[in-house]
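Dear colleague,

Please find the structure below, handed over for your reference.

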Amino acid sequence: MHLTGYFLQRLIRGLVTFWFAVTVTFFLVRLLPGDPVLAVAAPGMTEEIRQTQLQQFGLDRPLLVQYFAYLRELVQGNLGVSFLRSQPVSQVLMERLPWTLLLTGSALLLTVILGVPLGVLAATRARGWVDQVVQITGVVGQSLFVPSLGILLLYTLGLMLGWFPIGGAVKSGLTGFSYYLSVLHHLILPCFTLVLAQLASYVLTLRATLIEALGEEYCDLARAKGTRENKVIWKHALRNALLPTTTLIGLQIGFLVGGAVLTETIYAYPGVGRAIYEAVGQLDFPVLQGAFVLLAATVVIANLVTDIAYGFLDPRVRA
Amino acid sequence: MTMTNTSTTAPTLPPADLKPAQRTWRAFRRNPLGMGSAAVILLMVLVALIAPLLAEFPSGYGIEILMPPSAAHPFGTDDLGRDVLAQVIWGTRISMIIGFASSFLAILIGVALGILAAYAKRLDAPISMLVDVSLALPVLPLMILVAALVGPSVTTLVVVIALFSWPEVTRIVRSQALSVTRLPYVDAARTIGGSHFWIMTRHLLPAVAPIIVVSVVLTASRAVMSEAGLSFLGLGDPESWSWGKILFNAQRSGALTVAWWCTLFPSLAILLLVVSSTLVSIAYNDARNPKTREN
């Protein structure tokens, strides 16, 4: 019963967040200094073309009328037209979204797979040398600038050692199993760039909460009952320590998407982020605006998934 | 050096009438990592200030293209033969200006809204909602959109970064100020007829001041990263150098695949600044906390 209420509340919150994102972009684009026509058409047009564009896109109508028209189009999945490719923005971006989802999704999964054992290791050896190393690496890791890290990996592992391809997402002309192998091969460097850039925050958060949990009375009780320390750590303390980490995953997804934009730029990875980079160079505003709306939607959905996971992990939500 | 200091001063307990700020400074001074990081930041500020004395503004073309580090060019040259060291030095200036200016703006907005949310119950819900919603959104793509629309310049970058960095500050300030608004002295101030503005500026603001100190450092270092990110994507000020822009040039010209020095040195500059900022704020927090400081 309560779980449905919780999910409903989260769903509404997600919808509000998305509505806010859409509204903010709409008004930013139109109220900021700069020609609103630029948001729908190529820069450097003649005055005559500008006027027709104003009319064609309804930019001469009152702002609120435009706003509701924009929302109506959005609900139907219409994000405008990329003037550069003369293609609907939604089509341009939807071709690329799967790559971004693959990249960010695998990075998130790998971060958790690596982050949990590392956090446990540091917490259970608090103040030992493993912990010291984890803490120092953690501070440096949190300070890494994603493009710097990407360039470093690309230069060393991709160029000097030649272990990995340095750009693109897949070799053309492959089918079947070798296609998927090539996809995986191209994925490794960008994925690791993102993992290394965000691993530190997870490990440090998990370490801090786990140390706190291990000092709690229920852990003492478990030990007093004769439970092995390993079981106390993995069964009792970790379950509770994972809750703040789950919250962090939700909070960090926005950062992850930003990192993906930078990473895709470096590795010429054909995702939404690379589309943003190309659109910046060409001042293709419809694509920029559509990409933000699409990424915001992705983040909102990912957050919703984390919230649902949280609901299942935390018995207090169910109670 | 710090070690010997500690051993000579440690036996004498600090006098009890020391002000909290002095106690913090005493403890901070003994932390070699914190002091070292503070020195690095000050050095970078100095480089930013006297950049014109250290190197000529890198412009035009040189004959020596993509030369590795040498005596004449300690950081090598880029694809147009410009000295990379000079670019990093001048980049320090812009990165610092943007870091400090946008963090100042973000702190101003963030602290004002944070205190307001904690003090005015009616404003708490909308402000908190706004903060939660903004923190959930992917900020970089939004900054890209706005910066591209307004047109790249130093002012644009400062405003755009500040505009999307304040929610973090508001969240921290609000939670700290919230615990203070429940303290008896705030009630007392209200009872004797203190105006809302007076209570907020005289009682709540000093209570959150230590948090603001940490926020300034961390927000500034994050702002430097945001600036580098935007510049790397080609949204940097076309007239000036920044660390991100050096990376952008290397990426666009393809120099990053042949000349490691074009990307290594600006990357190290960013890393050094951000690590130092983090360490300074950790050291400051430790020094301020009576539990972690030793006296």
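A:N303 lies in helix α11 of chain A, which covers residues 285–313. Please note that the model is a predicted one. A:N303 counts as buried because its relative accessible area is 16%, and the cut-off for buried is under 20%. Apart from neighbours within four places in sequence, A:N303 is in contact with A:G250, A:L251 and A:I253, and also with B:A136 of the other chain.

The contact between the two chains involves 42 residues from chain A and 41 residues from chain B. About 3,800 Å² is buried between chain B and chain A, and carbon and sulfur atoms account for 82% of that area.

As for specific interactions, 1 salt bridge is found across the interface of chain B and chain A. It joins the side chains of A:R13 and B:D132, with an N to O distance of 3.3 Å.

On the side of chain B that touches chain A, the elements giving two or more residues are α6 (121–136), α7 (139–150), α11 (196–235), α12 (243–253) and α13 (260–288) of chain B. The largest share comes from α13(B), with 10 residues. Sorted by class, this side of chain B has 32 nonpolar, 8 polar and 1 charged residues.

With kind regards

How values were computed: Residues are numbered from 1 along each chain as its sequence is written. Chains are lettered from A and ligands numbered from 1 in the order in which they are written. This is a predicted model: local features need pLDDT of at least 70, side-chain atom pairs count only at pLDDT 80 or more; totals for chains, interfaces and linings use all residues. Side-chain values use heavy atoms; hydrogens and water are left out. Contact means heavy atoms within 4.5 Å. Buried area is the accessible area (1.4 Å probe) that two parts lose on being put together, summed over both. A salt bridge is a side-chain nitrogen of Lys or Arg within 4 Å of a carboxyl oxygen of Asp or Glu. Helices (H or I, at least four residues) and strands (E, at least two) are DSSP runs, numbered from the N terminus. Ala, Val, Leu, Ile, Met, Phe, Trp, Tyr, Cys and Pro count as nonpolar, Asp, Glu, Lys and Arg as charged, and the others, Gly among them, as polar. Buried means under 20% relative accessible area, exposed over 50%, partly exposed in between (1.4 Å probe, protein chains only).
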